[in-house]
Structures are given as C-alpha cells and as structure tokens.
Amino acid sequence: MAKAMVYTFLAIAFIIFFLSPSKRHDHHRMCLNRRLAHKVSFDPLVSRIERSTDDKGLSKNITYVPEVDDAQEYFQDDGVLNTTLRLMILFPLLDNAPKDGYISAKELEAWISQQTIDRLSYGTYKAMFWHDKDGNGAISFSEYLPQFSPKDIEKYSMAHGDAGWWMEQFKNADVDSSGNLDFNECKERIDDDHDGKLNFSEFLLHAYNIYKSYADFENSPALTPTAEQMFAQLDTDKDKKLSVEELRPILRYLHPGELFYAKYFTRYLMREADDNKDGYLTLQEMLNHESIFYNSLYEDDDVYDDDDDDHDYHDDL
C-alpha cells in the first residue's frame with residue numbers, strides 16, 4: 001500500500017509540473033514564505049474564524065465573526081484582529097517545556113504541528129460529512145465516486161480513469177480492507193496518475209525552484225546544488241530526462257505534506273524573529289515581528305494574486 005501511495009504522489013507532483021502555468025521564479029523565496037503562512041496557521045483563533053467563514057461561504061478576510069466564541073475581545077473597533085494582544089495571550093501557552101520565558105524551536109514546532117493536525121482533522125471531517133451519505137462514519141467507493149454505475153464497477157475496466165482503475169486506488173487507501181474509508185484512511189489522498197519525463201528546461205522551469213526554496217531552508221543556500229548539478233544527480237540512467245522514479249529523491253520538496261509545511265514554517269519563523277540568534281524567541285522578539293506570525297492578515301493581496309495559481313495547485317495536493 002505504501003509503495004502504491006508513493007508512486008501516486010510522485011505522479012501527482014509530475015502532473016503539476018506540466019499543468020502549472022509558467023512563472024518567473026526570481027521571487028520564489030517570498031512565494032515560499034507566503035505559501036508556508038497560508039498552509040499553516042499559527043493562531044488557533046484565526047483558524048476557527050477561517051473555518052466559520054468558510055462554512056458560511058463568506059469572505060476569507062479575518063474580521064470578527066459573532067458565532068466564534070471569545071473572539072470579540074481580540075478585535076479592535078475597526079474590525080482588525082489585535083495581533084499584539086493575541087501574541088501576549090499565546091506566548092505562555094507555547095512556553096511550557098520548560099516554562100522559562102523563552103520559546104525554543106522544539107516548543108514552536110510542537111505548537112505549529114498541533115495546529116496543523118487540527119487543520120487536517122477538520123478537513124477530513126468535512127470530507128467525511130460531504131461523502132458519507134448514509135452517515136455510518138465511513139466512505140464507500142460508490143459514495144466517493146458516485147459517477148460510476150454498478151455496471152461500470154462490474155466491468156472493472158483498468159483503463160486509466162475507469163472504474164476498475166479507481167477501485168485499485170481506493171483499495172490502496174483502504175488499509176484495513178473493510179471496503180470503506182474511515183476517518184484516518186481519508187487523510188490519505190486518492191489522486192490521479194500519469195506518466196512522462198522532464199528534460200532539463202522543464203525541470204528548471206517547473207521543479208528546481210520549488211526544490212531550492214525548501215533546500216535553502218535546510219542548509220545554507222551556498223550548499224544547495226545548482227539546477228545542473230541536481231539534474232545530473234537525479235538522471236541516473238543518463239538519458240538527459242527525468243522519469244517519475246528519478247524524481248523520487250526530491251518528492252518531499254515537490255509534494256510537501258501538511259506536517260512538512262509545519263516544520264518549515266517553524267524554521268522560517270525562528271530565522272526571521274530570532275533577533276539575537278540565540279535559538280530562542282522572547283515575547284519581545286515575537287512582537288517585533290508579529291506580521292510574520294499573521295502573514296495572511298498583513299500580506300499585500302495584489303502581490304499574492306500573482307502567485308495565486310501556484311498556491312491553489314499546492315492546496316489541491
């Protein structure tokens with residue numbers, strides 16, 4: 001099952017390279033920072049408000065929503081969230097291992113990871129609610145893909161995109177072989193599958209800058225291989241093209257999961273807010289950089305719109 005899911009994820013990353021519109025990548029580091037902030041919420045209050053507005057089909061602008069408990073006291077008269085007050089409230093909640101007046105990278109990552117898990121659970125509950133038509137707490141194949149008739153299923157055609165092909169993907173996700181996907185199994189996405197190869201130009205245009213954005217966070221940018229070096233390293237059969245299998249070593253960069261984003265958002269926040277570079281954050285340091293903890297509230301919408309497609313493609317993974 002694990003191998004099948006790996007190949008499915010590899011194929012999805014490959015599809016995105018060909019379907020994503022061409023973009024300039026001279027601002028890829030800035031795009032990464034925005035992508036991290038949008039993928040991972042720092043403040044659970046912001047997450048609750050976003051969920052409330054999303055459920056009601058309202059604007060995603062963070063303004064006071066009366067139905068969200070305890071929210072009103074954190075909003076100013078102009079309807080803007082008082083992020084300074086929120087950071088002062090949240091700081092002692094993060095500072096707990098030990099409670100010493102400083103937030104370590106470990107404490108920050110634990111906090112952000114928990115917010116990410118909450119986000120995943122919420123998304124899964126929504127999917128269950130939407131697809132679980134009989135309300136039994138699990139999703140059957142016919143509930144997940146109702147477009148296939150009993151005749152289609154009986155025919156079991158294995159052609160790409162046909163009922164048989166999709167049933168195989170469904171079985172891969174059905175860990176306990178119950179014939180249904182429960183809550184935990186639904187956290188594993190069932191995705192489309194294609195073949196193809198990337199030449200160097202395509203790799204440079206569609207893949208390398210995504211990889212470099214994350215690799216630069218892991219190491220000094222000076223240690224990140226150039227596009228030519230990375231392509232040569234990945235091209236194991238030396239045919240000057242990269243297959244799905246050859247892209248596997250950089251899959252975690254090209255197709256990052258939610259907890260992967262949490263890890264890198266932690267590194268980003270520590271790097272940007274740790275003014276004295278001692279490896280810890282004080283409340284004052286966080287207040288000095290409060291905008292990065294609430295990036296979705298402060299960013300320039302016009303700038304973000306330029307990268308909107310990229311954001312959408314990653315959200316669909």
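Modeller: Let's start where α9 passes α12 in a left-handed crossing; left-handed means that the near helix is turned anticlockwise from the far one by less than a right angle, with clockwise being right-handed. Before going on: this is a predicted model, where local features need pLDDT of at least 70 and side-chain atom pairs count only at pLDDT 80 or more, while totals for chains, interfaces and linings use all residues. Residues are numbered from 1 along each chain as its sequence is written, and side-chain values use heavy atoms, leaving out hydrogens and water.

Back to the crossing. Helix α9 covers residues 200-218 and α12 covers 258-273, and their axes come within 10 Å and cross at roughly 60°. That makes α9 oblique to α12 (under 35 degrees is roughly parallel, over 145 roughly antiparallel, 65 to 115 roughly perpendicular, and the rest oblique). Helices here are DSSP runs (H or I) of at least four residues, numbered from the N terminus. The axes are lines fitted to C-alpha atoms over the stretch in contact, and angles run from 0 to 180 degrees between N-to-C directions.

So who touches whom? From α9 come Tyr214, Asp216, Phe217 and Glu218, and they meet α12 residues including Phe260, Tyr264 and Arg271; contact means heavy atoms within 4.5 Å. By class, six nonpolar and five charged residues take part, with no polar ones (Ala, Val, Leu, Ile, Met, Phe, Trp, Tyr, Cys and Pro count as nonpolar, Asp, Glu, Lys and Arg as charged, the others, Gly among them, as polar).

For another pair, look at α4 (residues 83-94) and α5 (residues 105-131), which pack at about 110° with axes 10 Å apart. That makes α4 roughly perpendicular to α5. Here Leu90, Leu93 and Leu94 of α4 meet Glu107, Leu108 and Trp111 of α5.

Trp111 has an aromatic partner too: its ring centre is 6.5 Å from that of Phe42, with the planes at 55°, so the pair is tilted (Phe, Tyr and Trp rings, using Trp's six-membered ring, pair with centres within 6.5 Å; planes under 30 degrees apart are stacked, over 60 edge-to-face, the rest tilted). Phe42, at 2% relative accessibility, counts as buried, and so does Trp111 at 15% (buried is under 20% relative accessible area, exposed over 50%, partly exposed in between, with a 1.4 Å probe and protein chains only).

Methods
Helices (H or I, at least four residues) and strands (E, at least two) are DSSP runs, numbered from the N terminus.
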